[in-house]
Number of protein chains: 2
Amino acid sequence: MTDAVLAHALNRKPQLIEVLKTLVACPSIGADPAMSKGMEDARQLIEAHIDAMGFKRLKRLTPSDGSGQPAIYAERMDAPGKPTILIYAHYDVQPPDPLNKWDTPPFEPAERDGRLYGRGISDDKGPMMIALDTLAAFVAVEGLLPINVKLLIEGEEETGSPSLPGILETHSDLLGADAVLSADGARWRPDLVALNIGSRGNAGFEMRVQTAGQDLHSGRYGGIVANPLHVLSTLVASLHDAQGHITAPGFYDGVVEPTHDESTEIAAIPYDEESSFAAIGAQPCGEAGFSTLERLWMRPTLDVNGMWGGYTGAGSKTVIPNEAFAKLTMRLVPGQDPQRAKKAVIEHLKAQLPAGSTMEIYGDRGQGGAYAVPPDHPLLKAALAALEHTTGQSPLKVRIGASLPLTEIVSRVLGLDTVMFSFALSDENFHAPNEFFRLSSIADGLAAWVQILRQLAEITPSEFTPYRRT
Amino acid sequence: MTDAVLAHALNRKPQLIEVLKTLVACPSIGADPAMSKGMEDARQLIEAHIDAMGFKRLKRLTPSDGSGQPAIYAERMDAPGKPTILIYAHYDVQPPDPLNKWDTPPFEPAERDGRLYGRGISDDKGPMMIALDTLAAFVAVEGLLPINVKLLIEGEEETGSPSLPGILETHSDLLGADAVLSADGARWRPDLVALNIGSRGNAGFEMRVQTAGQDLHSGRYGGIVANPLHVLSTLVASLHDAQGHITAPGFYDGVVEPTHDESTEIAAIPYDEESSFAAIGAQPCGEAGFSTLERLWMRPTLDVNGMWGGYTGAGSKTVIPNEAFAKLTMRLVPGQDPQRAKKAVIEHLKAQLPAGSTMEIYGDRGQGGAYAVPPDHPLLKAALAALEHTTGQSPLKVRIGASLPLTEIVSRVLGLDTVMFSFALSDENFHAPNEFFRLSSIADGLAAWVQILRQLAEITPSEFTPYRRT
């Protein structure tokens with residue numbers, strides 16, 4: 001029995017692709033002030049599309065101070081007694097540099113071998129169009145949506161969503177919902193049916209070690225003063241023990257080790273470690289006692305992302321520098337408090353600092369905690385059921401080692417849970433040259449989105465109540 | 001009883017200062033190809049000065065391939081049966097940058113408070129003029145020099161003397177002598193009568209640690225791959241133990257620890273450690289079991305002069321870099337073989353390198369060994385006696401922690417020993433803005449140079465024979 005809504009949506013796939021191409025042709029690079037026309041063109045195109053499917057209260061949202069790129073809002077509250085879902089996407093894209101690495105111009109969408117190429121096509125204009133055209137198909141065929149839908153389409157995702165917390169706070173009444181369904185995100189791998197259930201948080205800081213008031217000549221001072229590069233190296237070397245554990249006392253406070261069931265579940269996920277590492281020219285390495293996927297998904301990390309000091313030009317300079325620098329970030333897992341974890345690392349560094357050296361800590365940043373969808377959350381169950389229904393396979397529950405600021409911001413500001421339900425695939429060159437979107441993902445996505453809306457229509461709003469933290 | 005030669009030389013001090021000012025006004029910056037006229041002007045001025053005092057065989061020397069800045073050569077073989085001394089100086093100067101830090105223009109010599117300011121005035125045009133005008137005074141008063149003198153005035157000292165070994169090799173017959181007396185160098189401190197008897201050698205290399213084929217995102221790979229900045233830090237941290245000893249097996253091979261007498265002699269040298277360290281905003285630090293001056297003069301060192309990897313710009317980037325770099329140099333002491341010491345460090349690094357990382361060693365440089373004048377060398381004894389005669393004080397024997405390529409090159413190529421007999425003082429801003437020369441040093445220097453030549457005239461060439469290694 002064919003779903004009439006899905007049939008309609010699939011019939012209109014050529015039109016979807018045409019709108020998508022027009023949208024990708026708008027260079028909506030939020031980071032580049034010179035691209036404000038591209039941003040505005042993208043907004044107007046999306047607004048027109050939303051307006052045409054009968055959405056109400058179409059407007060642009062900004063934080064109370066009016067700053068930043070506006071988010072697009074609209075709603076159809078068609079289904080009294082049914083859940084209200086806030087559907088999220090973003091209309092901004094990454095800068096296309098380096099331009100010379102693109103086979104075709106980034107803002108001239110080109111179809112090759114079943115793929116559509118262009119900046120932002122996979123992240124996330126393609127996945128967004130799948131969500132929007134699913135809604136359009138319901139309106140066209142049934143005259144109504146099966147649930148209440150609020151749309152929030154952000155313009156600053158690629159620049160770190162600086163205005164998003166303010167927008168959510170300022171417009172919290174308007175944005176009230178039972179849960180958030182994101183068209184942004186990515187499926188892990190083309191060969192697996194999987195749903196992302198968690199992401200790591202992050203936090204970071206910078207440090208400067210100083211040992212003297214000025215750079216010194218290694219002939220005149222070599223052997224009689226501390227070298228800040230040696231001091232900094234010793235500090236960095238002290239951050240991990242020989243088993244790869246982070247040594248800072250208190251850093252692991254709150255971390256929940258993978259349960260036996262979780263380890264079993266993760267171990268069952270098909271994962272070709274050898275070829276994954278061969279692809280990046282590296283060898284598996286990390287905390288003893290955990291598998292690679294456990295390390296990546298369930299364990300916190302601490303990495304120096306940059307480190308420098310002294311003479312770094314060509315040739316040699318016999319200098320003993322007076323200062324050395326490092327930038328550190330950590331990835332955090334559920335249970336860890338970012339501030340507390342960061343403080344543990346800083347306290348450890350202070351305790352290790354030798355006499356005669358001073359240390360300055362600054363550049364405090366990235367307070368995003370980790371996020372995991374509660375395992376019994378109704379939206380998660382609906383998403384799993386929708387994928388199982390459309391693929392005939394039981395979806396694997398996977399996580400990502402990176403951070404999804406959206407999920408953490410939504411949780412913190414609105415007290416709501418988020419399910420990432422994108423039909424991008426993680427190999428589609430996001431943020432890189434030759435970004436593409438598989439055309440085959442459109443049918444997969446439309447089927448899943450039709451199905452998840454139908455699943456959600458079977459749930460009463462009260463089932464979400466235990467999970468709403470407002 | 002006044003020395004007539006010295007009296008003549010002192011009488012002509014105003015003329016010496018005038019010639020010195022003219023010489024400093026020549027911007028003889030060997031490193032800057034645009035300054036070739038300054039180099040040529042300096043050469044011609046010096047040649048005219050030498051020619052006027054009746055030196056023979058005045059010529060310009062280059063290596064056999066004719067490359068580089070020529071050295072000026074001339075000789076007066078006035079004293080059959082007396083020693084032949086090669087007197088060394090250089091006519092090139094350091095670049096004057098940063099120009100805006102100079103109180104008066106670097107090539108417009110200016111007198112203030114008993115000091116003459118200008119680039120190269122202390123290093124070493126002032127000290128060179130003292131040596132030359134001493135010779136001129138002998139010729140003027142006695143018609144002859146009391147010993148045989150060969151002059152070698154180099155043009156590449158400030159660029160590392162790349163042609164000097166070739167010049168010495170090509171012209172080794174012409175340059176044959178009993179020992180080398182250098183007008184270049186520096187007295188340690190204005191408050192001490194001291195003579196430098198040794199310097200440290202140096203050697204260096206660069207290293208690159210690689211852990212993957214490409215930079216990786218800390219979200220996608222954090223915790224599962226090695227971070228080269230961590231690896232490099234661990235390697236650098238492993239170079240010294242907690243007592244400040246260098247850990248590489250074999251590094252100290254051949255090093256002679258200070259004897260009881262040497263330690264006593266060094267301990268007796270007036271040295272205000274507290275104010276020396278306060279001046280550079282640092283605290284004493286180094287190898288346990290040795291005093292600061294022992295660490296600086298008698299102990300080898302190993303320093304990272306530069307280190308870098310990953311993201312070093314503003315803000316944060318959650319990258320795990322795939323490579324990290326360091327530049328290392330060591331200061332070596334007599335008894336150490338530079339190649340062997342360097343090999344010991346490299347072998348240690350290789351042994352510490354963890355599995356999964358690769359390391360490349362390159363940029364091999366600085367093979368200069370340490371140098372010490374043999375304690376009983378006739379030229380050293382003559383220099384000590386000259387200083388004692390002119391100052392009434394017994395000179396302290398000091399060393400420098402830096403390297404003096406001249407001494408090592410002369411020893412290696414000509415098999416001769418060198419005494420540094422400069423009347424510059426080490427606080428006179430060599431290689432820095434506002435370089436100056438104390439006018440009072442001229443009389444001190446002329447007295448000492450007259451006296452050392454008289455001392456040398458009392459020695460027979462055969463006394464040098466045991467020290468000549470040709």
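## Salt bridge between A:Arg189 and A:Asp191

A:Asp191 is exposed, with a relative accessible area of 53%. This value, like every other in this report, belongs to a predicted model. The partner of A:Asp191 is A:Arg189: the two residues form a salt bridge in which the closest N and O atoms are 3.0 Å apart. A:Arg189 has a relative accessible area of 17% and is therefore buried, since the cut-off for a buried residue is under 20%.

## Salt bridge between A:Glu428 and A:Arg438

A second salt bridge in chain A connects A:Glu428 with A:Arg438, and the closest N and O atoms are 3.0 Å apart. A:Glu428 is located in the loop between β17 (418-420) and β18 (436-438), while A:Arg438 belongs to strand β18 of chain A, so the pair ties together parts that are 10 residues apart in sequence.

Are these two residues buried or exposed? A:Glu428 has a relative accessibility of 0% and counts as buried. A:Arg438 is likewise buried, its relative accessible area being 13%.

## Salt bridge between B:Glu47 and B:Arg60

In chain B, the side chains of B:Glu47 and B:Arg60 meet in a salt bridge, with a distance of 2.7 Å from N to O.

B:Glu47 is buried, with a relative accessible area of 13%. B:Arg60, at 35% relative accessibility, counts as partly exposed, because this class lies between the limits of 20% and 50%.

## A network in chain A, and the total

Salt bridges may also be joined to one another, as chain A shows. There, A:Glu40, A:Arg43, A:Glu47 and A:Arg60 are linked in a network of salt bridges. Over all chains, the structure holds 52 salt bridges.

B:His171 is found in a loop of chain B, between α5 (164-170) and β7 (179-182). With a relative accessibility of 19%, B:His171 counts as buried, because the limit for this class is under 20%. Which residues does B:His171 touch, if those up to four places away in sequence are not counted? The contacts are with B:Leu61 and B:Thr62.

Conventions. Residues numbered from 1 in each chain as written. Chains lettered and ligands numbered in written order. Predicted model: local features only at pLDDT ≥ 70, side-chain atom pairs only at ≥ 80, totals over all residues. Heavy atoms only, no water. Helix = DSSP H or I, 4+ residues; strand = E, 2+ residues; numbered from the N terminus. Buried < 20%, exposed > 50% of the residue type's maximum accessible area, 1.4 Å probe, protein only. Contact = heavy atoms within 4.5 Å. Salt bridge = Lys/Arg side-chain N within 4 Å of Asp/Glu carboxyl O.
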